[in-house]
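User: I would like to learn how to read the features of a helical model step by step. Could we take them one at a time, with the general idea first and the case in hand after it?

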Amino acid sequence: MTPKVDNKTARLYFIDAMRAWAILMMLQGHFIDGLLDPIFRDNNNIVFSIWKYFRGITAPVFFTVSGFIFTYLLVRGDKTGLENPRVRKGVRRGLQLLFIGYLLRMNLFGLLQGEVYDSFYLVDVLHCIGLSILGIIGVYLLTNQLKKNVFPSILFGITTMLFLFEPAYKGMQLEFLPQAIANYFTRVNGSVFTIFPWFGYATFGGFLSLLFTKYRSHKYLYPTAITLSIAIGSGLILYSSDLFLSISRVTDIQLFADIYFNNYLFIRLGDVFLVFATFMSIRSLLKNSTILKIGQSTLSIYVIHFIILYGSFTGLGLYAFFNHSLHPVTAISGALIFMVICTFTALRYEEQKEFIKLTMRTILRFTWIKSELAVLYVAELLKNSFYRFLRLIGLVKS
């Protein structure tokens with residue numbers, strides 16, 4: 001989905017460019033993290049430390065941009081509430097992401113043995129983004145009849161609450177819930193992206209998009225947005241930890257001290273602000289069609305990378321053969337090739353998507369028709385055989 005604005009406003013190229021950057025960062029991040037030999041993971045090495053820090057920015061940016069784009073499109077039209085066509089499209093999109101998320105974790109060999117592996121129930125990026133879209137739609141529908149500032153206020157409030165109380169819920173076991181449901185809220189079973197706290201980045205993206213929509217015609221929108229993003233982002237990165245420590249000392253509330261000792265959510269939010277500022281600053285340079293197509297093809301790229309790297313359906317991916325075994329030179333070279341292959345394949349798929357869908361529908365219809373004919377033929381054979389048997393034993397006259 002590519003955000004467009006009214007005729008008086010320039011298209012938001014920088015948002016698609018941010019998504020393109022985030023998905024490319026994810027490709028190399030997953031490749032190197034999964035295949036690099038642990039002996040080379042030295043936090044004292046400046047190159048590895050920089051790579052590790054920037055890898056940590058990828059997911060917050062991707063979730064924030066996803067929430068931004070979806071909410072921006074959700075409130076663009078004249079229709080509201082259930083009459084808004086974006087609501088139906090969003091529900092369909094959210095369910096689609098959940099379905100694909102589980103499909104990618106399916107192992108055919110296990111199914112043939114009548115077994116569903118525990119990894120099938122783990123929650124990953126697609127599950128979380130899909131549920132985040134449904135959550136934003138829920139908030140939108142609940143606040144549709146209220147004042148306009150209620151929707152962004154609740155989105156901002158959700159982000160604040162999820163980030164502030166992360167130390168309180170991050171260790172939840174939730175053993176009373178079925179594991180498939182518990183995995184959306186706790187990481188104890190191996191889920192990487194749980195709805196708490198990652199939904200908070202999506203709702204914050206939605207909040208930013210509503211601010212952008214409100215002031216989109218403002219003469220100094222970009223200079224103001226860039227300045228504020230740099231100031232807020234730098235403040236969160238440099239001073240938020242000390243702020244929470246000070247609040248803890250004044251109030252004697254342990255929660256704020258716990259945030260201080262593991263303040264990754266607010267610091268990463270600061271990183272998101274700086275990434276927004278960077279891409280808004282160079283927005284005039286981000287109109288390359290390939291960059292925009294990559295930003296619009298993130299789902300296809302994700303699916304292709306998951307199949308190649310982790311071996312969806314068969315378990316026979318690169319991870320199975322080269323898990324934590326590569327030298328840095330090989331890992332970096334392989335990551336670049338991996339990025340090119342995944343991106344090129346996804347873009348080719350997007351170009352031929354309608355033809356592929358038509359071909360698949362034709363094949364399925366042909367298969368269905370032939371199956372029906374086969375069933376009718378077998379039924380006729382069985383009927384004739386049955387009557388011959390009855391005649392043979394004398395129950396039916398010849």
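Predicted model: local features only at pLDDT ≥ 70, side-chain atom pairs only at ≥ 80, totals over all residues.

User: Which residues make the contact between α1 and α13?

Analyst: From α1 the contributors are Y13, D16, A17, R19, A20 and I23, while α13 brings I291, L292, I294, G295 and Q296. Sorted by class, the contact of α1 with α13 has 7 nonpolar, 2 polar and 2 charged residues.

User: How do the axes of α6 and α12 cross, and at roughly what angle?

Analyst: The axes of α6 (residues 150-164) and α12 (residues 264-281) come within 9 Å and cross at roughly 135 degrees. An angle counts as roughly antiparallel over 145 degrees and as roughly perpendicular from 65 to 115, and α6 and α12 are therefore oblique to each other. The residues that meet are L162, F163 and L164 of α6 and L265, F266 and L269 of α12, and by class this contact of α6 with α12 has 6 nonpolar residues, with no polar and no charged ones.

User: Where does T213 lie, and what does its side chain reach?

Analyst: T213 is placed in helix α9, which spans residues 195-214, and because its relative accessibility is 18%, T213 counts as buried, the cut-off being under 20%. The side chain of T213 reaches the backbone oxygen of S209 at 2.8 Å. Once the neighbours within four places in sequence are left aside, T213 is in contact with Y72 and V75.

User: And S209 itself: is it buried or exposed?

Analyst: S209 counts as buried, with a relative accessibility of 0%, and its place is in helix α9. The side chain of S209 in turn reaches a backbone oxygen, that of G206, at 2.7 Å. Apart from neighbours within four places in sequence, S209 is in contact with F68, T71 and Y72; Y72 is also listed among the contacts of T213.

User: Where is D252 found, and what is its phi?

Analyst: D252 lies in the loop between α10 (221-251) and α11 (254-261). Its phi is near 60 degrees, a positive value in a residue other than glycine. As for exposure, D252 counts as exposed at 68% relative accessibility.

User: In which loop is H324, and how exposed is it?

Analyst: H324 is found in the loop between α15 (318-322) and α16 (328-351). Although H324 is not a glycine, it has a positive phi of about 50 degrees. With a relative accessible area of 34%, H324 is partly exposed.

User: What can be said of F321 in α15?

Analyst: F321 lies in helix α15 and is exposed, with a relative accessible area of 55%. A C-alpha separation is read together with the spacing along the chain: F321 and Y310 are 11 residues apart in that sense, and their C-alpha atoms are separated by 10.0 Å.

User: Finally, how many helices and strands are there in the chain as a whole?

Analyst: The chain has 17 helices and 0 strands, and its C-alpha atoms fill a box of roughly 100 × 55 × 45 Å along the principal axes. Of the 398 residues in the chain, 43% are buried. Among contacts between residues at least 6 apart in sequence, 77% join residues at least 24 apart.

Conventions
Residues numbered from 1 in each chain as written. Heavy atoms only, no water. Contact = heavy atoms within 4.5 Å. Helix = DSSP H or I, 4+ residues; strand = E, 2+ residues; numbered from the N terminus. Nonpolar A, V, L, I, M, F, W, Y, C, P; charged D, E, K, R; others polar. Buried < 20%, exposed > 50% of the residue type's maximum accessible area, 1.4 Å probe, protein only. Polar contact = N/O pair within 3.5 Å; in protein donor to acceptor, adjacent residues only side chain to side chain. Axes fitted to C-alpha atoms, helices over the stretch in contact; angles between N-to-C directions. Parallel < 35°, antiparallel > 145°, perpendicular 65-115°, else oblique.
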